[in-house]
Amino acid sequence: MKFMTRGLLGLLILAMTIALLATAASVVISAFKDDDSAGRDRSAKERVFVVSVAQLNGSEATPKISTFGEILSGRTLELRAASGGALVQVAPNFREGGVVKKGDLLFQTDPATADANAQLSQTQLDEAVAELEEARSALILAQDELVAVRHQADLREQAIIRQRSLRERGVGTEAGMEEAALAASAAQQQILSVRQAIADAKARIKRSEIEVSRSQINNNESQRQLSNTSVYAKFDGALSDVTSVLGGLVNANERLATLIDPKALEVSFRISNLQFNRLTANGQDISEINVGVSAEGGALIAAKVDRISAAVGEGQTGRVLIANLDVTENTTLRPGDFVSVAIEEPALQNVTILPSTAASATGEILLLGDNDRLEAVSIEVLRKQGDEIIIDIGEHAGREVVLERAPQLGAGIKVDPRRADIQNAE
């Protein structure tokens with residue numbers, strides 16, 4: 001009896017196992033059939049991709065060169081002590097970042113020695129001037145004396161003539177004639193002496209004039225040294241690198257500070273040779289190039305290119321351009337700031353600006369053709385600017401281009417276009 005019960009239980013378990021295996025096989029076979037059916041349906045229907053397209057319209061675009069530059073000071077003055085000594089006077093704003101006005105006294109070294117030298121040189125000049133006046137007076141007196149002795153000589157000549165006439169009439173004597181001749185000779189000798197005095201007076205005047213000039217030069221130099229003890233601001237500006245304080249000892253030609261004009265700022269930036277050639281390709285003057293300068297978080301400041309560096313520099317390439325900034329009262333830039341620079345190139349005609357995703361690495365774009373099928377066309381990429389490119393549309397004006405070239409897109413693919421506008425920059 002037990003043996004029959006165990007046999008029936010085994011048959012029941014076997015039947016249930018066979019039923020489960022049959023059910024599983026049926027499910028697997030059904031799944032394979034559904035998959036084959038779905039595969040046949042997909043291959044039979046063409047897939048259509050949705051793309052964004054825009055019309056190619058020729059317009060004018062202004063390419064921009066983006067680079068980095070450094071702010072420079074267009075007017076800087078080193079403040080140095082012309083003479084050594086103690087600082088006896090210092091301006092209240094003579095400190096780091098102090099703002100001063102043109103003509104303000106910045107600092108003064110001890111002027112005692114320079115003042116004494118200036119007074120001594122002035123005295124020497126006064127003596128030289130007095131000597132010159134005395135020499136000129138002596139010349140006038142000598143000239144007057146010459147007139148007198150010549151008049152006396154004329155009288156002596158008349159006396160000789162009178163004695164000769166008396167002798168011819170027999171009333172004159174040889175002694176009288178000889179005395180008149182000797183007097184006339186003495187008068188001539190006196191004329192020579194006075195003429196020599198006049199020559200000496202003229203030479204004395206010349207020497208006195210030279211001495212006055214020498215004394216004037218010495219006096220000017222001493223006055224300059226005295227004035228150099230006081231240093232004044234040559235223009236409105238701010239002080240930097242201040243190194244001295246009141247009472248400090250300084251050496252001659254020691255730099256005490258630097259005066260910077262915050263309104264005379266320049267920006268120096270480097271561009272490649274290709275970019276420089278594009279800027280000047282049409283004979284454009286560099287002064288006509290527009291430049292925009294901006295610091296991090298700051299407003300855009302206009303600038304004009306002023307000059308080009310004279311040399312490229314060892315181990316460098318391209319060109320260094322220096323532009324003058326249009327500084328206002330609100331400008332916060334300072335020399336040494338690192339800024340972004342945007343330079344406008346000459347405008348391009350009959351071009352379009354596209355997203356960089358519209359073209360492949362080889363410069364190929366996809367145009368919308370008949371029946372909404374794509375055509376691959378090679379174009380000339382004129383400029384690459386960030387996420388955009390500027391292309392020459394050539395003979396493709398009016399056609400529609402795919403704005404984002406996906407990997408699955410290619411020539412002959414059918415698409416569902418979604419039209420958008422291209423933003424062209426002038």
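Two strands are said to pair if DSSP finds at least two bridges between them, and the strands themselves are DSSP runs (E, at least two residues), numbered from the N terminus. The model is a predicted one, in which local features need pLDDT of at least 70 and side-chain atom pairs count only at pLDDT 80 or more, while totals for chains, interfaces and linings use all residues. Residues are numbered from 1 along each chain as its sequence is written, and side-chain values use heavy atoms, with hydrogens and water left out.

Four strands, in the order 2-17-21-20, make up an open sheet with antiparallel pairing. Its edges are strand 2 (59–61) and strand 20 (380–385), each of which pairs on one side only. Strand 20 is joined to strand 21 (residues 388–392) in the antiparallel sense over five bridges, and E380 stands opposite D392 of strand 21.

Elsewhere, strand 3 (residues 64–73) pairs with strand 16 (residues 338–344) over seven antiparallel bridges, where F68 has S340 as its bridge partner. Strand 3 also pairs with strand 12 in the antiparallel sense, over five bridges, and here I71 stands opposite V267.

The loop between strand 11 (254–260) and strand 12 (265–271) holds D261. Is this residue, D261, buried or exposed? With a relative accessible area of 7%, D261 is buried, a term that means under 20% relative accessible area (1.4 Å probe, protein chains only). Apart from neighbours within four places in sequence, D261 is in contact with S73, R75, F235, D236 and G237, contact meaning heavy atoms within 4.5 Å. A polar atom of the D261 side chain also lies 3.0 Å from the backbone nitrogen of K263.

Definitions and conventions
Buried < 20%, exposed > 50% of the residue type's maximum accessible area, 1.4 Å probe, protein only. Polar contact = N/O pair within 3.5 Å; in protein donor to acceptor, adjacent residues only side chain to side chain.
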